[in-house]
Amino acid sequence: MTLLTVVTMFIRYFVSTVLQFQIYRAVCERTGQFIRGDPSRPLHKCDIYRNPEAGRILKRIMERGSSAPWTQILQETIGEGSLNGEALRDYFRPLEDWLRSENLRTGEYLGWSYDGDYCKFSIETAGLQVYGGFYNAASRHFDITSFFTILLVSVLTTILAMRWR
């Protein structure tokens, strides 16, 4: 297996996972089981099993096959034409909120201790908050290039680590 083959496999797996959550969220919104901002209808409690509307949406996505670009099919069926990881955050938001409140309750410190000028340039460049509070880079908007750059670096690091075992 070549490096390119392995990288391609990891990228396909990663993209398919993000798409899976994105399609799931759109189906749950259309069936009225998920409403953004409504704590009584969280995404993780949506059940589309035997739901006729969910079946119609999934059928429209699947019946086109590879006859058109996936972005076009996604735009036509769920109204989103690009890859968006926000659905993952929506799904796991209750866990994220619980972890945030649990860390506040127990006084857990997130991050690392700041020891003077060491890594100062990196911290300022990344816009990190070092003393107290939460590091909240996830709320920033990252484009698809940043997403694939991080993915590629992660995959390459994993592959190299596996080769050097």
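## Helix H2

The cover over the buried residues of helix H2 includes H1 and H3. Cover is judged by contact, meaning heavy atoms within 4.5 Å. Buried means under 20% relative accessible area, exposed means over 50%, and partly exposed lies in between (1.4 Å probe, protein chains only). Helices (H or I, at least four residues) and strands (E, at least two) are DSSP runs, numbered from the N terminus. This is a predicted model: local features need pLDDT of at least 70, side-chain atom pairs count only at pLDDT 80 or more, and totals for chains, interfaces and linings use all residues. Residues are numbered from 1 along each chain as its sequence is written, and side-chain values use heavy atoms, with hydrogens and water left out.

Which residues of H2 are buried? They are Ala54, Ile57 and Ile61. Seen down the axis of H2, these buried residues fall within an arc of 65°, so they line one face of the helix. The arc is taken over the directions from the helix axis to the C-beta atoms. An α-helix has 3.6 residues a turn, so residues three or four places apart point the same way. On the other side of H2, Pro52, Lys59, Met62 and Glu63 are exposed. The 12 residues of H2 reach 16 Å from first C-alpha to last, close to the 16 Å expected at 1.5 Å a residue. The expected span is 1.5 Å times one less than the number of residues.

## Helix H6

Helix H6 covers residues 144–163. Its 20 residues should span 28 Å at 1.5 Å a residue, and its end C-alpha atoms are 28 Å apart, which agrees. Leu151, Val155 and Ile159 are buried in H6. They cover an arc of only 65° around the axis, which puts them on the same side of H6. Thr145 and Ile150 are exposed on the other side of H6. Helix H1 (3–30) is part of what covers the buried residues of H6.

## Whole chain

The chain has six helices and zero strands. Its pattern along the sequence is α-α-α-α-α-α. Of its 165 residues, 23% count as buried. Take the contacts between residues at least 6 apart in sequence: 54% of them join residues at least 24 apart. The chain exposes about 12000 Å², with carbon and sulfur atoms supplying 60% of it.

Thr17 sits in helix H1. It counts as partly exposed, at 22% relative accessibility. Thr17 and Leu88 are 71 residues apart in sequence, yet 9.1 Å apart in space, C-alpha to C-alpha.

Trp70 lies in helix H3 (residues 70–78). Trp70 is partly exposed, with a relative accessible area of 43%. Leaving aside neighbours within four places in sequence, Trp70 is in contact with Leu19 and Leu83. Trp70 and Gly81 are 11 residues apart in sequence and 8.2 Å apart in space, C-alpha to C-alpha.

## Arg50

Arg50 is in the loop between H1 and helix H2 (52–63). What is phi of Arg50? It is near 60°, a positive value in a residue other than glycine. Most residues other than glycine have a negative phi. Arg50 counts as exposed, at 73% relative accessibility.

## Leu99

Leu99 lies in helix H4 (residues 86–106). Leu99 is partly exposed, with a relative accessible area of 40%.

Notes:
Accessible areas come from the Shrake-Rupley method with a 1.4 Å probe; for residues, only the protein chains shown count as cover.
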